[in-house]
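Hi everyone, thanks for making time. Let me put the model on the screen and talk you through a few bits of it.

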Amino acid sequence: MNFFRGVISGQAAGPQPSGAETIQKLCDRVASSTLLEDRRDAVRALKSLSKKYRMEVGTQAMDHLINILQTDRSDSEILGYALDTLYNVICNDEEEEQDESEDAVAPLPVSGKHKNVSVPDENAQKQADDLGLQFTDTFVQDPEHVTLLLTLLEEFDFHVRWPGVKLLTALLKNQGPQIQGIILVSPMGVSRLMDLLADSREVIRNDGLLLLQQLTKGNAAIQKIVAFENAFERLLDIITEEGSSDGGIVVEDCLLLLLNLLKNNSSNQNFFKEGSYIQRMKPWFEVGDDNSGWSAQKVTNLHLMLQLVRVMVSPVNSPGATASCQKSMFQCGLLQQLCTILMATGVPADILTETINTVSEVIRGSQVNQDYFASVNAPSNPPRPAIVVLLMSMVNERQPFVLRCAVLYCFQCFLYKNQKGQGEIVATLLPSTIDANSISAGQLLCGGLFSADSLSNWCAAVALAHALQDNLTQKEQLLRVQLATSLGKPPVSLLQQCTNILSQGSKVQTRVGLLMLLCTWISNCPIAVTHFLHNQENVPFLTAQISENLGEDERLVQGLCALLLGICIYYNDNSLENYTKEKLKQLIEKRIGKENFVEKLCFITKHELYSRAAQKPQPVFPSPEQMLFDHEFTKLVKELEGVITKAVHKSSEEEKKEEEVKKTLEQHDNIVTQYKELIREQDAQLQELKEQVACMTSQNEQLQATITQQQSQILQHKDQYNILKLKLAKENQGQSNSQGDGSQVNGLQTEELTQLREEVEELRKQHSLLQTQLGDKDALISSLKSGAAQTAEGPAGGSDDTELLQELEALRSQVQSQSTEIGQLKMERQDLLRRAEVGCSDTLPSSDSSLDAAKMAELESRLGAQTSEMERLKAEVKNLSESRAELEKRLDSTTSTVAILQTEKEKLQTDVQESKKEQDDLLMLLADQDQKITNLKKRLKELGETVEDEDDLDTRDQTDDDDEEDEDED
């Protein structure tokens with residue numbers, strides 16, 4: 001034990017052993033000691049030597065330290081010493097020496113950030129880095145060591161958990177992908193690390209943020225797991241707790257972790273948007289009116305917050321996801337808040353630049369956001385549109401270069417897929433819309449286009465080109481723009497002025513910008529090509545430029561001139577006799593040579609700056625001199641390079657053949673279009689016929705149901721007629737057999753005769769009803785025939801219509817047969833009546849004929865009275881039914897009125913409640929205001945100021961009023 005104390009305190013007697021020997025003895029002690037206290041002292045001694053003798057401790061003690069982690073899990077102190085020793089051996093960051101003595105307690109740092117100390121000797125630093133990688137490889141040779149370390153992170157003891165977090169962070173820095181793979185396959189590995197954010201000890205939570213930053217670098221799978229472990233919610237809560245943009249370095253760490261989770265990860269971006277976390281970003285940008293004295297940390301935090309917004313709406317994201325995020329940012333007011341920062345005063349230049357870039361990508365391609373941005377005004381007197389204020393900065397050569405690039409990007413994003421905005425910008429250049437009393441965007445662009453600053457020339461040319469991008473109407477409108485060059489000279493067109501400046505041999509950057517503008521302007525616009533060729537000096541100037549042998553920078557200008565001349569050939573409508581396609585190609589062959597022309601044209605795409613500009617839409621250049629190409633222009637070059645090369649190499653015969661092929665294709669297209677229209681018409685007709693067939697089918701089913709019903713009625717009538725026949729036969733037989741029972745028989749015959757007449761009357765009514773139904777069926781069959789005739793003219797459905805007609809004819813024949821049968825039944829009824837009357841006259845004696853006639857008359861009169869009574873009752877029932885229907889209608893109307901009144905009552909009650917709530921809020925506000933006024937008066941009185949109370953003011957007002965009244969009386 002004394003030996004270890006001597007090693008630690010440096011007071012051992014006798015000759016001092018070397019560091020390697022001491023470390024070897026300590027390692028032997030760790031491996032062989034049975035007492036926990038001895039092992040603990042040995043590990044503490046190794047920890048104290050691990051920084052000075054990093055190589056020796058790492059090579060000799062690593063296995064022993066790992067064994068301590070596995071075997072001495074019960075003692076947190078020895079675990080902490082072992083983890084600290086491993087961290088000192090593996091970590092490459094230089095740290096300040098801390099008092100690690102046994103009795104001293106090291107102060108806890110507020111933040112987990114570790115500052116790197118610059119090392120003058122680069123070779124020594126490189127050797128240290130290599131040493132850390134070597135020991136990291138040794139540690140992770142067995143993946144179980146990393147799993148063991150994850151298990152130790154579950155320990156709540158501070159002296160175990162904090163060193164474990166630092167050690168795992170160092171391992172991730174040295175061998176990130178390998179450690180990430182081990183953690184990814186470890187059960188609950190990521191979840192254990194996410195628990196660090198919930199630790200109540202800030203130092204562990206803050207170092208846990210650094211650990212998660214290293215863990216999520218470049219690994220989409222881990223990023224998704226971390227996001228779904230509720231990381232967004234926890235990080236946003238920490239940012240809010242720490243003070244948002246006014247917070248410290250912890251906020252910066254949280255923002256860096258959020259950037260790791262969201263950048264180039266569409267799944268996490270969608271999860272962030274769907275979780276309504278975009279709305280929680282708005283309070284970050286609520287800066288006050290006093291923007292003086294921004295701290296460096298606040299600038300860093302706000303810069304990262306703006307980058308986080310840009311990640312969600314980056315042009316490299318999918319268009320659908322970007323549009324959805326842009327919509328959410330507008331709806332929650334985030335875009336409005338960014339525009340407020342944009343127009344605020346006192347904002348640092350780098351924050352203003354990044355805000356402009358952020359607003360640019362939030363409005364890019366979103367019509368709603370672009371319209372809102374067009375309506376934003378700067379707080380100036382008089383108010384000016386934000387676009388005009390930004391363009392003033394872009395064409396001002398005293399502004400920082402990065403700020404001018406950001407304004408150009410903002411203007412490009414405002415015009416991206418925004419034909420309405422393009423029209424508004426071009427309209428400010430037209431003579432009918434120019435306002436002499438105000439500065440417009442068009443005036444600023446023209447001023448920048450023709451200024452002495454080459455960067456302003458380039459920016460204005462590119463901005464104006466974006467106002468013409470994919471918009472044929474605005475290209476033609478811009479031809480109307482006239483410029484007054486000097487007093488006493490007639491105005492010239494904007495197109496002519498651009499070519500004049502081009503021919504004067506200005507700076508390369510200016511000429512490149514003007515050539516890009518001209519190429520964008522006349523491409524896909526034959527009218528603009530004609531205007532360009534109409535100037536007799538343009539074509540000779542272009543051919544002279546292309547044919548010369550000049551330096552590297554001039555070769556780029558030559559390539560752009562070749563592109564401009566090629567556009568004049570490809571989009572030439574041959575309206576100018578001197579500059580037709582064929583004559584221009586002959587001119588190229590004679591003056592330049594086709595191969596030389598194509599070589600100069602292809603030089604554009606081989607330029608280094610062309611490749612850089614083609615990567616992303618934002619114009620990012622290290623210096624103003626390298627600002628030569630625009631992203632959208634690179635797309636145009638890529639599109640036109642091949643077709644111009646083919647157009648130059650084609651002969652006149654090939655041109656004619658190609659034109660003939662085009663005409664033939666156009667004719668074919670016209671024919672195809674006509675057939676498509678015909679097919680659409682036939683489809684519409686077919687749909688109508690199908691609807692008619694469906695209607696006929698339903699009518700057919702109804703007719704079949706009616707026929708079935710009539711058949712059943714006919715069967716019932718037949719049965720009734722058969723019963724009547726049997727009754728009459730029995731009566732006749734009974735009258736012939738017995739004369740003595742004449743009176744009884746006569747009575748029965750009279751009663752049955754009355755019943756028979758009633759049944760006959762009922763049959764007559766049914767017969768008339770059947771006749772009416774038969775007439776309706778005939779009319780329906782006629783209409784079906786006419787419909788079937790129209791349907792037969794269509795391209796399809798003829799067979800179905802024929803079958804329907806056949807079915808209808810069969811139904812009609814069936815109805816006719818039923819009508820014939822009804823006629824036969826009617827004849828039989830009349831025969832039965834006649835036979836009944838004859839039988840009565842034959843059987844009755846003459847003496848009783850008058851009596852029977854009287855009875856018959858009496859019965860008929862009674863029958864007539866009953867019939868009239870029944871008719872009267874039916875009329876009363878009808879009137880009552882009508883009255884009931886009218887009452888029901890009135891009841892329904894009253895019910896609807898009551899419902900409307902009830903709705904209005906509820907609405908009025910809601911309004912009253914809202915008014916009460918607003919009144920309460922106003923009373924609260926008034927109370928607060930009164931309290932503030934009282935406090936201010938107290939403060940003023942304390943400061944010695946004279947303050948009049950409201951009672952004094954009321955008394956004075958009353959006194960003044962009394963004096964005025966006295967004067968009026970006098």
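I'll go through confidence, then a helix pair, then an aromatic pair.

So, this is a predicted model: local features need pLDDT of at least 70, side-chain atom pairs count only at pLDDT 80 or more, and totals for chains, interfaces and linings use all residues. Numbering runs from 1 along each chain as its sequence is written, and side-chain values use heavy atoms, with hydrogens and water left out.

On pLDDT, the predictor's confidence in each residue from 0 to 100, the protein chain averages 81, and 76% of the residues score at least 70. Residues 1-14 sit below 50, and that stretch has 16 contacts beyond near neighbours in sequence, a contact being heavy atoms within 4.5 Å.

Now the helices, which are DSSP runs of H or I, at least four residues, numbered from the N terminus. Helix 19 (residues 349-363) and helix 22 (residues 401-415) have axes that come within 8 Å and cross at roughly 15°. The axes are lines fitted to C-alpha atoms over the stretch in contact, with angles from 0 to 180 degrees between N-to-C directions. That makes helix 19 roughly parallel to helix 22, meaning an angle under 35 degrees.

Last one: the structure holds eleven aromatic pairs, where rings of Phe, Tyr and Trp (its six-membered ring) have centres within 6.5 Å; planes under 30 degrees apart are stacked, over 60 edge-to-face, the rest tilted. Phenylalanine 228 and phenylalanine 271 make a tilted pair, 4.6 Å centre to centre with 35° between the planes. Phenylalanine 228 is in helix 12 (residues 220-228) and phenylalanine 271 in helix 15 (residues 266-274), so the pair ties together parts 43 residues apart in sequence.

Conventions
Helix = DSSP H or I, 4+ residues; strand = E, 2+ residues; numbered from the N terminus. Parallel < 35°, antiparallel > 145°, perpendicular 65-115°, else oblique.
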